[in-house]
Amino acid sequence: MKSDERYEIRFSGSGGQGIITAAVVIADAVGSFDNRYVCQTQSYGPEARGGKSKAEVVISNSPIDYPKALGVDLLLAMTQTACDAYFFDIKPEGLLVVDSGLVPQLPTSRAVSIPFTRIAREDIGRELVANMVALGAVGYLCRQVSLESLKQALLSRVPKGTEQMNSEALQAGIEEAKKIDLDSLPRSVLSDWDDEL
Amino acid sequence: MLERAEIIRKEYLRHDKKFPHVWCPGCGNGIVMGALLRGIHGLQLSKDDIVLTSGIGCSGRMPTYIDFNTIHTTHGRALTFSTGIKLAKPELTVIAVMGDGDATAIGGNHFIHAARRNINLTAIIINNSTYGMTGGQYSPTTPFGSKSTTSVYGHVEHAFSIAELAVTAGASFVARGTVYHAVHLEEIIQQAIMTRGFSVVEVISNCHVQHGRRNKLGGAVEMITSYKENAVMIGKAAKMSPEELEGKFTIGILANVKKPVSSEQYQRVIAEARQNAEKIASEKETNGVKRYEE
Amino acid sequence: MVIVEQQKRVLLQGNEAIVAGALAAGCRFFAGYPITPASEISELLSVKLPELGGTFIQMEDEIASMGAVIGASLAGTKSMTATSGPGFSLMQENIGYACVAEVPCVIVNVMRGGPSTGLPTSPSQGDVQMARWGTHGDHPIIVLAVSSVSDCFSVTIKAFNLSEKYRTPVIILSDEVVAHTREAVALPDAEQIRLIDRIKPDVPPEWYTPYADNNRGVPDMAALGDGYRHHITGLIHDDRGYPTQNSQEVEKFHKRIHGKISKGFQEIMVTKAHLMEDAEIFVIAYGSVARSALKAVRDARAEGIKAGLLQLITLFPFPRKSVDTYLRQCRVVIVPEMNMGQMSREISRINQANCRIVKHNRIDGHLINPEEILRHLTTV
């Protein structure tokens, strides 16, 4: 990564899915543990549960000026509504990661579908930690954060007594992501033109 | 008696402030001020430890003349300033003097919340049924049917009973007196200051210039004398029939209850928070260092 | 900027950094009322203040909050409140009192879309002129703006320092974006931070004249209960604090409270120049928009345009000197704001060099993005 380059991740879903928490954990890992520059923002409505929820993380090796995403490198969508709403400014080479159980309709073939919610419910035992399963996958696929830092940041941020469960969820997401061969995904062959557009 | 008056005049009034005061001849405010000073003198409190706050209006000018720490705040807000002072320096004795419009119209919300919160403050409310300083407009305690400069056809709204309002809102100590019953007033003010918790003294007072004149209630003497005739001690009123109580009002102590005082309870919060913070700090020392060294 | 590479960094939200700054500055009293997007400040202080022996209280409204803050400050405690537009409206009455009675205090306004209830969860810069002129009557006041998490920490400390030194309310304007952005920052240790406290009288109480002028224009301030019994009022007062209508005393009072701020212009007015040395065109921005502007300026430089950014930390007193210098240096200035042009009015007012002023105003509840500013930089 060149010094002033930005890597941008957008987490999206609905209120109550833990979207913002996931973004905060990765931001903490990058900023406090990996010692790189990071900026985490969010947009929210009046709902505490339901509605659209979006959180963004900008990562760089130099101080970050504009704090929000300008061209998304990785979009996580945990609902179809969020996927439809937040797909618009993903980069041509950007990666879409979705919850396969909740996002049946993909807007691009360059996408990774993982059943985060099902894994959380069936393998970990609590649907609530689907966000951490997704975070594991995002953390692995983005290649912007040390997985060790991610684990440490998660431990420092989750409520007491839930460390074990959340760590397992994160690990499950990492393992699931390891099965994916990013190089085999379709690419934007017209990316030079895309830039022009 | 005269000797005490002279001591109080010398000891408590500000002599570098040019008198006379702004109050009209015969105004009840001076009687309230006298009762307050005699009460404080009797309690032997240090002048340095007393904060006297006020709002806006005729009553608002009282602190200017008295040699305490005095704060003439904004209209209706005396209790909000007092709350900050008491919490920041709990060892101070904080007394707020307000008028009826000041305390129950523009400051009504602060008044009921101060009572609910039960901070250790004393509120003295001089109730003269009008906004005197601004020219005699109707206030929250102007009686139904009364005339004022904004109700020349007779007032169409009903009046608050300030002391009863304070009881309902949760004040620890509530009493009502009048400017006729000056000795009684001094006693209930003393009791209010000594009470731990929020205490309220409502003082029925005369504004013969604005309220009395427009409602044919006579001058200062007639108005003050009418309090003698119409005020009934609470204990006695309980034994009287509604017919006998027609046109009368009660004076005395309406509430005197012991309950937790929030300004004192907060010390528990501080102790608990400190303990908790120390625990977290020591945990960090054992776990945290390792975490960051990795 | 307080980022020090060697130190351990922590991930903080803008609102959390304001709390950290306030506590580091010695703030030990907070009164507030819940409001989006400022509530995190209250919530965190309700935990942190008692840990340090300080006091948090949630009042019945923002009028009461401001009253309690003034009361606590008069009792000798550094005090603060935080709110957003609707609450800031309610506070104006007692902010005026703090100006007249010269009570140090800090008011944080996390701006959201207005007027009225407006857009509670969206950013805005609509309260800029209100921060200057919100309370009635001529009054001096200091208004500072924050644009990043590290700003939130350091500007809050500066706000307390100025407030204590000049005995004046200081308003910090944040916005929803800054308030909720998280960044990893390294906070300096307490001993590295320069703090300023109000000067207390050292004369015997009987010699104390609470509002007497001195070479600073800032009278020594005794705390309630310290033995310096005196009168404090919102009425225009004489040197002893007593109400006056004497025209000479009234004029003297006004001139002193305005003069004390003028005397401190040098240290009060803070701006940050980015890439301004050889700039031919520049942007004046503050708050979160300054970050978009910096990105736009860098992108413009990459295209060979000699662009720069003048970021305003101090909004009022308006940093005339530094703005004037660059208005004379450049041919065009772009002024992007999330309002209808509240700061560009100030720039127009002092623009004697006839620099071309291009306003860019966005009021749809979204942060101005770099591309919008870049478009101006490349086309004008």
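A disulfide is a pair of cysteine sulfur atoms within 2.5 Å. This model is predicted. Across all its chains, a search of the whole structure finds 0 disulfides.

**Cysteines**

Two cysteines show why. The sulfur of C24(B) has its closest cysteine sulfur in C27(B), 6.4 Å away, which is too far for a bond. C330(C) has its closest cysteine sulfur in C355(C), also too far for a bond at 6.4 Å.

Chain C holds an open sheet of 5 strands, in the order β11-β13-β12-β15-β16. Its pairing is mixed. Which strands stand at the edges? They are β11 (271-274) and β16 (356-361) of chain C. Each has a single partner strand, so one side of each is left without a neighbour in the sheet. On average, neighbouring strands are turned by 20° against each other, direction ignored.

β15 (residues 332-337) of chain C pairs with β16(C) in the parallel sense, over 6 bridges. Within this pairing, V332(C) stands opposite R356(C) of β16(C).

**Helices across the sheet**

Helix α10 (residues 288-302) of chain C lies across β11, β12 (281-285), β13 (307-312) and β15 of that chain. It runs at about 165° to β13(C). Helix α12 (residues 342-350) of chain C lies across β12, β13, β15 and β16 of chain C. Helix α12 runs at about 155° to β15(C).

Conventions. Residues numbered from 1 in each chain as written. Chains lettered and ligands numbered in written order. Predicted model: local features only at pLDDT ≥ 70, side-chain atom pairs only at ≥ 80, totals over all residues. Heavy atoms only, no water. Pairing = 2+ DSSP bridges. Helix = DSSP H or I, 4+ residues; strand = E, 2+ residues; numbered from the N terminus. Axes fitted to C-alpha atoms, helices over the stretch in contact; angles between N-to-C directions. Contact = heavy atoms within 4.5 Å.
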